[in-house]
Amino acid sequence: MRKLVIPFLLLILALCSAESAFAQEGAINDVKVTVQRLVDIVESLPGDPNRQERRIKLRDVIGERFDFNEMAKRSLGPEWAKITPEQQTEFVRVFSDLLAKTYMNRVEKVTRDMVKVESENMDFPKSLVKSKVTSDGNIFPLDYRLQNVNGTWKVYDVIIENIGLVANYRNEFAGIIRSSGFDGLIDGLKKKTET
Amino acid sequence: MDQLKSSDSKNTDHKNISDLLPKRTFSLEMAVGIFTLIGVATLGYLAVGLGDIRFFAGSEYKIFAEFDNVSGLKAGATVEVGGVPVGTVTKLELKDPVAKITMMIKKDFKVRDDDIASIRTKGIIGDRYVKISRGASETYVAEGGTLTDTESVVDIEDVIGKLVHSLTNDKDDDSKKKEESSS
């Protein structure tokens, strides 16, 4: 029996380190895969005739990687805790629609070599994945802030040229809430998504 | 006469003592005063700039924040929320590959873990400071905690340059589309 103790302990140790290695796996590969899938969709469904199908598929892929609930919550800031769950749900829906409308044109222009996912700075459960985007001869940094939720890495902020999406909307929304309240904000956002 | 003589001798004594001391002229007094001021100012600068010496230290707590770039930010810069100071930057250091700053925040201001710290400039040519925008989280950053959601220094001229460039390109795209649809 004594002969078995050491191998047994070593086995336990190996299993433990393997498990922790899994848990601490970074987000960089997930981001690369998402970017690749977006490029594949754009390449396989080009032009105006495929526009509707292309946009639906792009939104599906984006929805799997981006945590719109978290982005909406963070963009609203302290006001989030003051509204009802129904208002929160509606806000997330309107916010997601607005983001889709604002950025879909850009996403549809992505090509194979445009986005280079370069590195990651992980501080589990958060991670910062850095990429460079080449567009019309300009190269600019595009970083993703992700959070590991139940084993899945999800984006909660995007930073372009050191300007964060959440911080930008937070500033804008705070001003509107101060002057017209939450109702004024959501009405304004709805109007923007409809035009 | 005697009185005069005795006063003379007193005068002589005074004259001897005062001979040993430098003459108290205005310029001398001025130099001593300035020298003292410089000495005190240097001590004050060393205390604040190099050390962690804070007045009313018990009413503040220490947190950290990490940035890609803190160029232009200095120790002593204010930390503000909505333009109101809530703390001070006390230290900047390198935590390869990021820059780590230390901030002393007033105890009655609780920093949330999704607050965003951005390095901004007062006006076009003013000093850099740290602006905190408030998040929605109910979890607070404790003493010694770190804010990771940050925005580094933005060179506004670069951004405007790239924005103008991209707007121009969009116009080209739109005019191309019009040509294609009309032909």
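Over all chains, the structure holds 21 salt bridges, each one a side-chain nitrogen of Lys or Arg within 4 Å of a carboxyl oxygen of Asp or Glu. This is a predicted model, in which local features need pLDDT of at least 70 and side-chain atom pairs count only at pLDDT 80 or more, while totals for chains, interfaces and linings use all residues. Residues are numbered from 1 along each chain as its sequence is written, chains are lettered from A and ligands numbered from 1 in the order in which they are written, and side-chain values use heavy atoms, with hydrogens and water left out.

**Exercise 1. Follow helix H5 of chain A and describe its length, its bend and its buried residues.**

Step 1. Find residues 85-107 of chain A, which make up the 23 residues of H5. Helices (H or I, at least four residues) and strands (E, at least two) are DSSP runs, numbered from the N terminus.

Step 2. Go from the first C-alpha of H5(A) to the last: the helix reaches 31 Å, close to the 33 Å expected at 1.5 Å a residue. That expected span is 1.5 Å times one less than the number of residues.

Step 3. Look for the bend, which is about 35° at Lys101(A). The angle is taken between axes fitted to the seven residues ending there and the seven starting there.

Step 4. Pick out the buried residues of H5(A), among them Phe91(A), Phe95(A), Leu98(A) and Met104(A). Here buried means under 20% relative accessible area, exposed over 50%, and partly exposed in between (1.4 Å probe, protein chains only).

Step 5. Now see what covers them: the cover includes helices H3 (51-65), H4 (68-76) and H6 (165-194) of chain A.

**Exercise 2. Which salt bridges does Arg93(A) make with Glu90(A) and Asp97(A), and what network do they belong to?**

Step 1. Start with Glu90(A): its side chain meets that of Arg93(A) in a salt bridge at 3.9 Å, N to O. These two are separated by about one helical turn, because they sit three residues apart in H5 of chain A.

Step 2. Check accessibility: Arg93(A) is partly exposed at 47%, and Glu90(A) is partly exposed at 25%.

Step 3. Turn to Asp97(A), whose salt bridge with Arg93(A) spans 3.8 Å, N to O. Both residues lie in H5 of chain A, four residues apart, or about one turn. Asp97(A) is partly exposed, at 25% relative accessibility.

**Exercise 3. Is the salt-bridged pair Arg74(A) and Glu70(A) buried or exposed?**

Step 1. Locate the salt bridge, where the side chains of Arg74(A) and Glu70(A) meet at 2.9 Å, N to O. Both residues are in helix H4 of chain A, four residues apart, about one turn of the helix.

Step 2. Compare each value with the cut-off: Arg74(A) has 5% relative accessibility, so Arg74(A) counts as buried. Glu70(A) has a relative accessible area of 15%, so Glu70(A) is buried as well.

**Exercise 4. Trace how strands E2, E3 and E4 of chain A pair.**

Step 1. Begin with E2 (residues 126-135) and E3 (residues 138-149) of chain A, which pair in the antiparallel sense over 10 bridges. Two strands pair if DSSP finds at least two bridges between them. For a landmark, Ser131(A) has Leu142(A) in E3(A) as its bridge partner.

Step 2. Visit the hairpin of E2(A) and E3(A): two residues lie between the strands, and Asp136(A) takes a positive phi near 50°.

Step 3. Carry on to E4 (residues 152-160) of chain A, which pairs with E3(A) in the antiparallel sense over eight bridges. Asn148(A) has Trp153(A) in E4(A) as its bridge partner.

Step 4. Finish at the hairpin of E3(A) and E4(A), which has two residues between the strands and a positive phi of about 50° at Asn150(A) in the turn.

**Exercise 5. How many residues does the largest nonpolar core have?**

Step 1. Know what to look for: a nonpolar core is a set of buried Ala, Val, Leu, Ile, Met, Phe, Trp, Tyr and Cys residues joined through side-chain atoms within 4.5 Å.

Step 2. The largest core has 46 residues, and those with the most contacts inside it include Phe91(A), Phe95(A) and Val115(A). H6(A) gives the largest share, eight residues.

Conventions
Contact = heavy atoms within 4.5 Å.
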